[in-house]
Amino acid sequence: MNFRHIPLYLTAALMLGAAPVAEAQQELRKANKHYEKFEFALALEQYKKASEKRKPDVKTAERIADSYRLTRQTVEAERWYAQVVAMPGRDPQNIYHYAEALRSNGKYEEAKQQYMQWAEEVPQKDERAQHLMASCDKAISWTNQKMPLAEVQRLSGLNVQGFSDFSPMNYGKDAIIFTSDRGVDQEGISAGTYGWTGRPYLQLFMASRDGNGNWGKPTALHEMINDQYHNATASATEDGQTLYFTRTQLVQQRKSGNADPTSWVEKSQVNEYINRLEIYSSKKQGATWTDIKPFAFNNVAEYSVGHPALSPDGKIMYFVSDMPGGMGETDIYYTLRQPDGSWGEPVNAGILINTSGRESFPYVDQNGKLYFSSDGHMGMGGLDIFAAEASTLPGRP
C-alpha cells in the first residue's frame, strides 16, 4: 500500500460524509422558511427530505409535529409528538398536543396519562387537564354504547376524494351550498394553492337534487362570490335572494397567529401580514350574484368575524369571532335584525354555548336548534358537533 495516499482517501471520505449533512441543512432552511410563512404542507415536504438525511433536533421535531397537527393529520401528529415529548429540552405544551392527538385518534386511556403529565409539569393547567381527562372518560362510555345514536352516510356524487367538502346549507327545497377546496378555475381566475394545506383555496359550490333524489355535479358559485382567496361557510335567507358568506382579508400583523386557520392566505415574502375573516352579503339578480356588501361589524385590523348562520325567520344571525372580551379562542355571537333591515350590536352567546376553547361553524335548522363545532365542551376529541335547543338560546323571543 502507498501510505502517501492515505490523506487523500481521508479527505475524500470526509467530503462524501459531509455532503448529506449539507443537503439536510439546505432542506431544513427551506422547510423553516415555509413554516414561518404558515405554509405547513410545503414545510412538511422539505422536513421529510431533511429528516431522511439527518436526525431532527427538538426544535425541528416540534415543527414537524406542529405541521401535521395544523394540517389535521392526527395519526402522523401523534407519532411525531410521541418523539418530541421524549426529547430533552422540549416545551411542556407538546405534552398537551400529544394528548390531543391521542384523543382525536380514539386512544383515550393514553390521552388521559398525557393530560395528567401535562398538569404535573404545568400546575396552572390542572383544572383544564381534569376537564379533558373527564372528557376521555365520557368518550369511552359513548364508544361502549351498544346502539349507535346516528347513522352517517357519504353522499355520492358530491365529494371529491383527496379534498375537503364541508359546511353544507340548504338552498331552497332541492339544492345545497357548501364549501370545498377541490379548486375550480373560472373566468380566467386560477383557484390558486393554499400553502397551509397544499390544496386550492376554499370556494363555495352549489349542487341540486333531481326528482329521484340524485345529486347533480356541483358547480362553483359566480366569480362575484368566489374571489381570489378563501370563500366559505355561507347562509341564505329563506327566499334565497340574499347570501351571507365568509371571506379572508390581508392585513398588517399586530399579534401572533389566529385561532382559525382558514383565515390565512398566501402572503408576500415579508412576514408582517396576516389574514382575518370577514362576513359579506350578496343579492341575487336572475342567475347572478351582485351587490357585494361587508358586514357592518367587520374589523380585520383587530379580529376576525365569520361563519354566518341565519335563523329560519332571518331575524337572527349567529357568527364566530375572536373579538376582545370573548370566553375562549373563538366564540359564537349573535346579532338581531333591526326594523330598518340593519344588524344590531353583536352579543356573545354566553357560557352555555362558549368555552375557553374554540366554537365555530354554527348552523340553525328549521326548528331553530343551533348546531356548532367546539373543542371546549366534553367530546370525542378535536372539533366535535354539539347542539342547543332553541328555547335555551340567547336572542330568541
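Here is a short tour of a few helices, a loop and a strand.

Before you click, note that this is a predicted model, where local features need pLDDT of at least 70, side-chain atom pairs count only at pLDDT 80 or more, and totals for chains, interfaces and linings use all residues. Residues are numbered from 1 along each chain as its sequence is written, and side-chain values use heavy atoms, with hydrogens and water left out.

Stop 1: Select Phe-38, in the loop between α1 (6-36) and α2. Its phi is near 65°, a positive value in a residue other than glycine. Helices here are DSSP runs of H or I, at least four residues, and strands are runs of E, at least two, numbered from the N terminus.

**Stop 2: helix α2.** Now select residues 40-53, the 14 residues of α2. From first C-alpha to last, α2 reaches 20 Å, close to the 20 Å expected at 1.5 Å a residue (1.5 Å times one less than the number of residues). Color the buried ones (under 20% relative accessible area, with a 1.4 Å probe and protein chains only): among them are Phe-40, Leu-44 and Tyr-47.

**Stop 3: a helix pair.** Show α5 (residues 93-104) and α7 (residues 126-143), which pack at about 15° with axes 11 Å apart. Axes are lines fitted to C-alpha atoms, for helices over the stretch in contact, and angles run from 0 to 180 degrees between N-to-C directions. That makes α5 roughly parallel to α7 (angles under 35 degrees). Which residues of α5 make the contact? Tyr-96, Glu-100 and Arg-103 (contact means heavy atoms within 4.5 Å).

**Stop 4: strand β11.** Finish at His-307, in β11 (residues 305-310). Its phi is near 60°, also a positive value in a residue other than glycine, and at 3% relative accessibility His-307 counts as buried.

Key: Angles under 35 degrees count as roughly parallel, over 145 as roughly antiparallel, 65 to 115 as roughly perpendicular and the rest as oblique. Buried means under 20% relative accessible area, exposed over 50%, partly exposed in between (1.4 Å probe, protein chains only).
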